[in-house]
Amino acid sequence: MEASFSRSKSQNQDRLDLSRKGSVDEDIRSVVSLLNGCEQFFTTSSCSGRIIVIDGAACSGDVHKQDCVWLLVSHQKCSSEDVMCALSRSSRDAVLKFEPFVLHVRCRRLEDAQLVHSAAVNSGFRNSGITVGRTGKIISAVRSTHGLEVPLSHEGRLLVDDDYIRFLTQTANQKMEENLRRIQRFYQNLQSALSAERLAVPDGPSEPRSGRTAGRGASEQNPRSRQREAEGFHGDLDLDDCLDLFT
């Protein structure tokens, strides 16, 4: 399993970025670098958050379908003029969306995934979770619920007035500001959790993580083990723990 994870991490780092933008968003570059700099993590996909206007078919419930036209994509705050300019090019059903920060992290062990998950939830990303594949692949997903999705035109005809578009743009920008604050808290919480973990590892030959807290007093236990005990969970997490807790 260790060799498989290391091989997957190496292959992921060598792979081309196939996202629409083709690079990591500036506002999450520090988070991505921090995680990828740790041997127990690597990121598989990410988006710092964005405000978008997409023109799609009237019968389509999924604005990400291939036949949609992206009229506006902004990873920063935007103006109502930007939105109205995008809507002027609409010929079908235009939808404005704010999509918050999302990050998927491949983790070596369940306890590594729990570290990311705890940092995410404590930062406001309360829709985060952990999944375990049939082959043992562990993914920690960082997600939030403060999105926004509003239809603005139908068959190219605008359904709202300029005042509403200005109000909607202001609302989306406020959500973007909160999103960036949560990203900063997540970065700080990750740094703190990783520092605490390094301090908890004893000097000398390394030992398996699954047995690291065995036989220790409460004061010597890994901080995440103490946190689990305070929450009513004891010992190392197994697969059932993970599925019960985070799905």
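This is a predicted model: local features need pLDDT of at least 70, side-chain atom pairs count only at pLDDT 80 or more; totals for chains, interfaces and linings use all residues.

Biologist: What makes the crossing of α2 and α5 left-handed?

Modeller: The rule looks at the near helix. If it is turned anticlockwise from the far one by less than a right angle, the crossing is left-handed. The crossing of α2 with α5 is of that kind.

Biologist: Why are α2 and α5 called roughly parallel?

Modeller: Take the angle. The axes of α2 (residues 29–36) and α5 (residues 162–200) cross at roughly 20 degrees, and they come within 10 Å. Angles under 35 degrees count as roughly parallel. Therefore α2 and α5 are roughly parallel to each other.

Biologist: Which residues of α2 and α5 meet?

Modeller: From α2 there are S30, V31, L34 and L35. From α5 there are I183, F186, Y187, L190, Q191 and L194. By class, that contact has eight nonpolar, two polar and no charged residues.

Biologist: Now the strands. How do you know that β4 is mostly covered?

Modeller: Count the buried residues. Buried means under 20% relative accessible area. In β4 (residues 93–99), seven of its seven residues are buried. Both faces are covered: D93, V95, K97 and E99 lie on one side, and A94, L96 and F98 on the other.

Biologist: What makes β4 a partner of β2 and of β8?

Modeller: Two strands pair if there are at least two bridges between them. Seven bridges join β2 (residues 50–56) to β4, and the two run antiparallel. Here D55 stands opposite A94. Four bridges join β4 to β8 (residues 148–151), again antiparallel. There F98 stands opposite L148.

Biologist: Why is β7 said to be largely enclosed?

Modeller: The same cut-off applies: under 20% is buried. Five of the five residues of β7 (residues 138–142) are buried, so β7 is largely enclosed by the rest of the structure. I138, S140 and V142 are on one side, with I139 and A141 on the other.

Biologist: Which strands pair with β7, and how many bridges are there?

Modeller: β5 (residues 102–107) pairs with β7 over five bridges, in the antiparallel sense. H104 stands opposite A141 there. β6 (residues 129–132) pairs with β7 over four bridges, also antiparallel. V132 stands opposite I138.

Biologist: What lies between β6 and β7?

Modeller: Five residues, and the two strands form a hairpin. In the turn, G136 has a positive phi of about 95 degrees.

Terms used
Residues are numbered from 1 along each chain as its sequence is written. Side-chain values use heavy atoms; hydrogens and water are left out. Axes are lines fitted to C-alpha atoms, for helices over the stretch in contact, and angles run from 0 to 180 degrees between N-to-C directions. Angles under 35 degrees count as roughly parallel, over 145 as roughly antiparallel, 65 to 115 as roughly perpendicular and the rest as oblique. Contact means heavy atoms within 4.5 Å. Ala, Val, Leu, Ile, Met, Phe, Trp, Tyr, Cys and Pro count as nonpolar, Asp, Glu, Lys and Arg as charged, and the others, Gly among them, as polar. Buried means under 20% relative accessible area, exposed over 50%, partly exposed in between (1.4 Å probe, protein chains only).
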